[in-house]
Amino acid sequence: MTFPEVFSFYKTNRAIAKVLNFTDSRISQFKAEGGFPYSVQCVLEKESKGQLIARRSDVPGQTK
């Protein structure tokens with residue numbers, strides 16, 4: 001899942017941070033890095049009840 005997909009689903013960095021139990025600034029770091037690590041994507045997939053899908057190809061720095 002890409003950062004824009006997550007943001008579209010949760011609407012704010014604060015809402016994303018709350019779901020992940022991270023700070024708002026950590027969410028901003030994920031955005032600056034180009035997205036979420038796969039392990040974080042898996043948590044978001046679970047918390048969104050499958051509406052967001054974790055994809056290794058969307059991990060920053062991974063070749064597609």
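Helices (H or I, at least four residues) and strands (E, at least two) are DSSP runs, numbered from the N terminus. This is a predicted model: local features need pLDDT of at least 70, side-chain atom pairs count only at pLDDT 80 or more, and totals for chains, interfaces and linings use all residues. Residues are numbered from 1 along each chain as its sequence is written, and side-chain values use heavy atoms, with hydrogens and water left out.

**View A. The end of helix 2.**

**View B. Helix 2 crosses helix 3.** The axes of helix 2 (residues 13–20) and helix 3 (residues 24–33) come within 8 Å and cross at roughly 105°. That makes the two helices roughly perpendicular (65 to 115 degrees). Axes are lines fitted to C-alpha atoms over the stretch in contact; angles run from 0 to 180 degrees between N-to-C directions. From helix 2, Asn13, Arg14, Ile16, Ala17 and Leu20 meet Asp24, Ile27 and Ser28 of helix 3 (heavy atoms within 4.5 Å).

**View C. Two sides of helix 2.** Ile16, Ala17 and Leu20 are buried (under 20% relative accessible area, 1.4 Å probe, protein chains only). They cover an arc of only 100° around the axis, so they lie on the same side of helix 2. The arc is that of the directions from the helix axis to the C-beta atoms. On the other side, Arg14 and Lys18 are exposed (over 50%). Helix 1 (3–10), helix 3 and helix 4 (38–47) are among what covers the buried residues.

**View D. Val43 in helix 4.** Val43 lies in helix 4. Its relative accessibility is 37%, so Val43 counts as partly exposed (between the buried and exposed cut-offs). Val43 and Ala54 are 11 residues apart in sequence and 8.6 Å apart in space, C-alpha to C-alpha.

Technical notes: Angles under 35 degrees count as roughly parallel, over 145 as roughly antiparallel, 65 to 115 as roughly perpendicular and the rest as oblique.
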